[in-house]
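Me: Can you walk me through this one? I'd like the strands and a few single residues.

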Amino acid sequence: MRSLVTALDISSRALLEPRWAHVRRAVRDDVDLRSHILLDGGVVPLLESLRPLARWKAPVLEVEYPADRDLHLDGRGLRLVPSYFCWRRPTALADPTLGPVLVYPVTARPLDSVTLNGNALDRLLGRTRASVLTEVARSGSRTTSEVATAVGIAMPSASYQLAILRDGGLVTSRRDGQYVLHTATLMGHQLLGGDDGELRPTLTVGCIS
């Protein structure tokens with residue numbers, strides 16, 4: 001047991017500690033984003049923000065899962081837990097006696113050095129729009145003026161490009177005082193990361209009420 005504890009301590013220091021600030025920031029940013037969505041729009045926009053990992057089809061939340069199963073809430077609440085170490089798809093607690101919990105992955109990959117072979121994103125979205133999406137994804141939350149300055153385009157152009165990305169589900173926007181902050185969605189991050197879009201079985205979560 002002492003050898004196991006020593007090995008875990010060494011691996012934690014080597015693998016986790018150098019990245020821990022990034023882990024905490026990724027989770028904090030996700031909680032901040034979901035909280036604002038809930039406060040601004042309510043439960044339905046919150047659940048819809050989980051796309052493409054989950055799809056809200058009232059009164060059922062369909063979640064990508066490695067096996068087909070149903071989880072009925074029976075009037076209980078559903079706790080959403082963002083996790084840096086949750087990989088590719090959400091997961092639910094296996095113990096049915098505990099409260100319903102859905103653990104879902106936050107975007108864990110740093111985007112400081114994103115490269116796309118053959119400028120695939122440029123061809124898909126156009127160079128300007130691709131640059132706007134990459135800037136927003138790399139920086140966490142950005143105002144329209146910050147995006148315009150970083151990409152080197154005019155404010156109206158930045159606003160137009162962000163609106164298109166928002167309509168396409170790649171960016172979300174929320175007001176914070178006099179500013180509007182833009183954040184890349186999980187779908188936007190997956191597009192930058194080249195996710196394969198594989199279809200998977202679903203976990204069905206019962207009525208949310």
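Reply: Below are some notes on a sheet, a threonine and a surface patch. The model is predicted: local features need pLDDT of at least 70, side-chain atom pairs count only at pLDDT 80 or more, and totals for chains, interfaces and linings use all residues. Residues are numbered from 1 along each chain as its sequence is written, and side-chain values use heavy atoms, leaving out hydrogens and water.

Me: What order do the three strands of the open sheet take?
Reply: The order is S4-S6-S5, with mixed pairing. Strands are DSSP runs of E, at least two residues, and helices are runs of H or I, at least four, numbered from the N terminus. Two strands pair if DSSP finds at least two bridges between them.

Me: Which strands stand at the edges?
Reply: S4 (79-83) and S5 (91-92); each has a single partner strand, so one side of each lacks a neighbour in the sheet.

Me: And how do S5 and S6 pair?
Reply: Antiparallel, over two bridges; S6 covers residues 101-105. Ala 92 has Leu 102 in S6 as its bridge partner.

Me: Switching to Thr 143: buried or exposed?
Reply: Buried, because its relative accessibility is 8%; buried means under 20%, exposed over 50%, partly exposed in between (1.4 Å probe, protein chains only). Thr 143 sits in strand S7 (residues 141-143).

Me: What does Thr 143 touch?
Reply: Tyr 179, Val 180, Leu 181 and His 182, leaving aside residues up to four places away in sequence; contact means heavy atoms within 4.5 Å.

Me: Where is Leu 4?
Reply: In helix H1 (residues 2-16). Leu 4 is partly exposed, at 48% relative accessibility.

Definitions and conventions: Patches are made of residues with over 30% relative accessible area and no salt bridge: like charges are joined within 9 Å, nonpolar side chains (Val, Leu, Ile, Met, Phe, Trp, Tyr) within 5 Å. Accessible areas come from the Shrake-Rupley method with a 1.4 Å probe; for residues, only the protein chains shown count as cover. A salt bridge is a side-chain nitrogen of Lys or Arg within 4 Å of a carboxyl oxygen of Asp or Glu.
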